[in-house]
Amino acid sequence: RKPFTELTGNEKQEIVRKSLNRSDALVRDIKMRCRLQGVQNKPFNFNDFSCKPRLLLYKQSINMFYSSNPKTGSSSFKNFFYKLDGVDDPRSVHIPGGHYNYSSTVALTDETFYNSLRVGTIRNPLVRFVSGFRDKVLRKGHYLDIINPEKQNMTAFEMFGSFIRIMYKNAVTLGNGPFLDNRHFVPQWQNMKVCSFPYSLLIQYENGNLDTDAMQ
């Protein structure tokens, strides 16, 4: 496959067309699932924080929003934003009401918002879940006192089974818990507010290389 910069104008337009078609199909499927789950698709209001993704990044120089969804390449997007400024530092400007509070914020108008490129990335839920387990539990050692309180010699497979059972118990009996408070394990539709936020491009992680070309 030729680099995007070497493509002709027609070839670039074809990539964009296919990417938008994939995105439209994803959005239609998601909206249908929102209705089936009884989640109301209330009209988006930029001043209503309940409509906004949990962590919404904004790059003013290219008028682009990115809905940061952990374990779907979000760190690469954050670095991309800062490299545009010539800074190799994993930080970004955050809209007020996001999950983190940064001192640097931007005042936006509705016109600026609706003329922007609003991008989000989703991933196969099971693969994303396993990726979060490998990163947070196996690699970084989080939650081991909950998963393996007796400090037994457990295999990764046994730890994963214990992890799932505890998460299920938290979700069913408590409605929360240590895992469900961690955005890496919160369902994507909650992190990204897919039932209300007006995405202009929704990327499937598994097709990320194709849709990243279209975003250019």
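Trainee: How far apart are the closest N and O atoms in the salt bridge of aspartate 135 with arginine 139?

Mentor: This is a predicted model, in which local features need pLDDT of at least 70, side-chain atom pairs count only at pLDDT 80 or more, and totals for chains, interfaces and linings use all residues. Residues are numbered from 1 along each chain as its sequence is written, and side-chain values use heavy atoms, with hydrogens and water left out. A salt bridge here is a side-chain nitrogen of Lys or Arg within 4 Å of a carboxyl oxygen of Asp or Glu. For aspartate 135 and arginine 139, the closest N and O atoms are 2.5 Å apart.

Trainee: Why are aspartate 135 and arginine 139 separated by about one helical turn, and in which helix?

Mentor: Helices (H or I, at least four residues) and strands (E, at least two) are DSSP runs, numbered from the N terminus. Aspartate 135 and arginine 139 are about one helical turn apart because they lie 4 residues from each other in helix H4 (residues 125-139).

Trainee: Is aspartate 135 buried or exposed?

Mentor: Buried means under 20% relative accessible area, exposed over 50%, and partly exposed in between (1.4 Å probe, protein chains only). Arginine 139 has 61% relative accessibility and therefore counts as exposed. Aspartate 135 has 7% relative accessibility, so this residue counts as buried.

Trainee: Which residues are linked with Asp135 in a network of salt bridges?

Mentor: Aspartate 135 also forms a salt bridge with lysine 136, where the closest N and O atoms are 3.6 Å apart, and both of these residues are buried. Another salt bridge joins aspartate 135 to lysine 140 at 3.8 Å between the closest N and O atoms, and lysine 140 is partly exposed because its relative accessible area is 41%. The structure holds 6 salt bridges. The residues linked with Asp135 in the network are Lys71, Lys136, Arg139 and Lys140.

Trainee: What pattern does the chain follow along the sequence?

Mentor: The chain has 8 helices and 4 strands. Read in sequence order, they give α-β-β-α-α-β-α-α-α-α-β-α.

Trainee: Which residues of H1 are buried?

Mentor: Helix H1 covers residues 9-36, 28 residues in total, and reaches 41 Å from its first C-alpha to its last. That is close to the 40 Å expected at 1.5 Å a residue, where the expected span is 1.5 Å times one less than the number of residues. Just after H1, glycine 38 takes a positive phi of about 75 degrees. The buried residues of H1 are Ser19, Ser23, Leu26, Ile30 and Cys34.

Trainee: What is the phi of lysine 151?

Mentor: Most residues other than glycine have a negative phi. Lysine 151 lies in the loop between helix H5 (144-147) and helix H6 (156-174), and counts as exposed because its relative accessibility is 63%. Although not a glycine, lysine 151 has a positive phi of about 55 degrees.

Trainee: Where is lysine 193?

Mentor: Lysine 193 has a positive phi of about 50 degrees although it is not a glycine. With a relative accessible area of 26%, lysine 193 is partly exposed. Its place is in the loop between helix H7 (188-192) and strand E4 (201-204).

Trainee: In which helix is phenylalanine 80 found?

Mentor: Phenylalanine 80 has 34% relative accessibility and so counts as partly exposed. The helix that holds phenylalanine 80 is H2 (residues 74-83).
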